[in-house]
Each structure stands twice: as C-alpha cells, then as structure tokens.
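Thanks for making time. I have one structure to go through today, so please have a look at it before I start.

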Amino acid sequence: MTYDEIRKDHAIRVYIAQADASLGALGFTEHSFAHVSRVSEIAGYILSTMGAEARTVEIAKIAGYLHDIGNLVNRVDHSQSGAVMAFRILDNMGFLPEEIAVITTAIGNHDEGTGVPVSDVAAALILADKSDVRRSRVRNRDMATFDIHDRVNYSVTGSKLTIDDAKENVTLDLTIDTTVSSIMNYFEIFLHRMVLCRKAAAKLKLNFRLVINGQQLL
C-alpha cells in the first residue's frame with residue numbers, strides 16, 4: 001500500500017473530515033486535508049533529505065496523513081486514540097506489522113502534551129506538524145472575536161521548514177504580521193511545541209533553529 005492509496009481511501013477521508021468538523025465545533029484551527037497533506041509532505045521531505053530509504057519516506061507520509069484522526073474520538077489524548085485507529089485501519093489493509101509499528105508509534109507521540117521523538121519517523125512527524133502555522137488555518141474571520149490562538153495563527157503570513165545543505169540545521173522560518181500578534185504571543189502558546197521540535201531535531205542529529213521576521217530566535 002502506498003501514500004496515494006491511503007489518501008484515496010473513502011473511510012479514511014470520512015474520519016479525517018469528521019475529526020476536523022469536531023474540532024471546528026470546538027473552535028480549533030483547520031485540521032482537515034490541507035493540514036494533513038502538508039504535514040505528510042514535510043515529513044517526507046525531512047526524511048528524504050536526511051537520506052532515509054524510499055519506503056521509510058513513504059511510511060512517514062502515511063503517518064502524517066493519519067496523525068490527527070484521533071480527533072474523531074476526542075481532542076483529549078487524540079494522539080493515542082489516533083494510533084489505535086490507525087493500527088486497525090492499517091492492519092485491515094494488510095500492512096506489515098513492522099510498518100504498522102512505526103506508524104502507530106509516530107502518531108502516538110506527535111502531540112506536545114505527551115509526545116517523545118522515539119524514532120526518526122516520529123521526529124519527522126513532530127517537526128512537520130508543529131511547523132504548520134499559517135493564516136489559512138484560522139476558520140474565524142472576525143478579528144474582533146479572535147482569541148490568542150486565532151491571532152497568532154492569523155498573524156503568520158509565511159512559514160517554511162528547511163534543512164541546510166550540510167544537514168546540520170533544520171530551520172522554521174516564519175513571517176509574522178506584528179500588527180495582528182506579537183512575537184511574544186507566539187512563544188506564549190507555542191513554547192512547548194518549540195521545545196519538542198528541538199528534541200525531534202536532535203533525534204535526527206540536527207539543530208533546530210527558529211527564525212521570525214529575519215531574526216534568529218532559537
């Protein structure tokens with residue numbers, strides 16, 4: 001089974017759509033196909049750039065696509081419930097146990113509340129997920145009613161994760177409109193995510209750097 005086949009699976013698409021709908025009802029940012037597709041591609045880019053085998057890159061992309069389906073059950077502990085859901089889906093599809101183990105481990109460890117980069121695939125998933133900060137994820141368009149999460153995400157007009165040619169640094173480069181939200185607000189809500197990104201980068205033998213508006217902050 002391939003990443004493209006996973007993306008076309010009807011049941012998986014239903015689960016992702018309903019999970020996003022539930023988060024929308026709770027006021028969270030977009031977690032639908034745009035988010036999971038972007039996470040998949042970034043996770044694949046990270047491992048491909050670091051020289052991983054083609055199948056490992058494919059496995060990372062599958063983990064990225066499935067990583068948030070646990071929100072179908074509940075936002076609380078969604079990484080763990082998502083891992084259990086992914087296990088059943090992939091087992092029924094005939095994935096090898098070795099591949100199921102890697103994917104479910106990565107999904108179960110992607111959230112900053114409980115996650116740990118216990119493998120290269122888990123580390124790539126963490127970096128990919130936490131780097132997807134952008135204006136288009138904000139559902140609410142009434143700026144007068146923005147909470148801090150809306151303001152911070154809406155303020156990000158540019159976001160790019162790159163690994164340098166020497167394969168020493170992975171850099172999250174953000175452009176933030178400070179008339180919408182301050183850089184301090186970004187750290188206020190995303191500090192734990194940045195700490196987890198640093199740990200994930202270290203797992204891949206990389207240094208994590210954060211650049212905001214051209215200034216290196218980490």
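How many nonpolar, polar and charged residues does the lining of the largest pocket have? This is a predicted model, to be clear. By class, the count is four nonpolar, twelve polar and eleven charged residues. That lining is made up of 27 residues, and the pocket has a volume of about 510 Å³. Lying nearest the centre are Phe-28, His-31, Arg-75, Glu-112 and Arg-193. As for secondary structure, helix H5 (78-92), helix H7 (120-130), helix H8 (148-155) and helix H9 (183-203) are the elements that each give two or more residues to the lining.

Now the strands. I will start with S2, residues 169-176. Six of the eight residues in S2 are buried, which leaves the strand mostly covered.

S2 pairs with strand S1, residues 156-163, in the antiparallel sense, through seven bridges.

Leu-174, for example, has Ile-212 in S3 as its bridge partner. To get from S2 to S3 the chain passes through H9, and this β-α-β crossover is right-handed. H9 is also one of the helices I listed for the pocket lining.

That is what I have; questions are welcome.

Methods:
Residues are numbered from 1 along each chain as its sequence is written. This is a predicted model: local features need pLDDT of at least 70, side-chain atom pairs count only at pLDDT 80 or more; totals for chains, interfaces and linings use all residues. Side-chain values use heavy atoms; hydrogens and water are left out. On a 1 Å grid over the protein atoms alone, a cavity is a set of points where a 1.4 Å probe fits but cannot get out, and a pocket is an open set with protein on both sides within 12 Å along at least five of seven lines; lining residues have an atom within 4 Å of a point. Grid points are joined across faces, edges and corners, and a volume is the space filled by probe spheres set on the points. Helices (H or I, at least four residues) and strands (E, at least two) are DSSP runs, numbered from the N terminus. Ala, Val, Leu, Ile, Met, Phe, Trp, Tyr, Cys and Pro count as nonpolar, Asp, Glu, Lys and Arg as charged, and the others, Gly among them, as polar. Buried means under 20% relative accessible area, exposed over 50%, partly exposed in between (1.4 Å probe, protein chains only). Two strands pair if DSSP finds at least two bridges between them. A crossover is right-handed if, with the strands pointing away from the viewer, the path from the first strand over the helix to the second runs clockwise.
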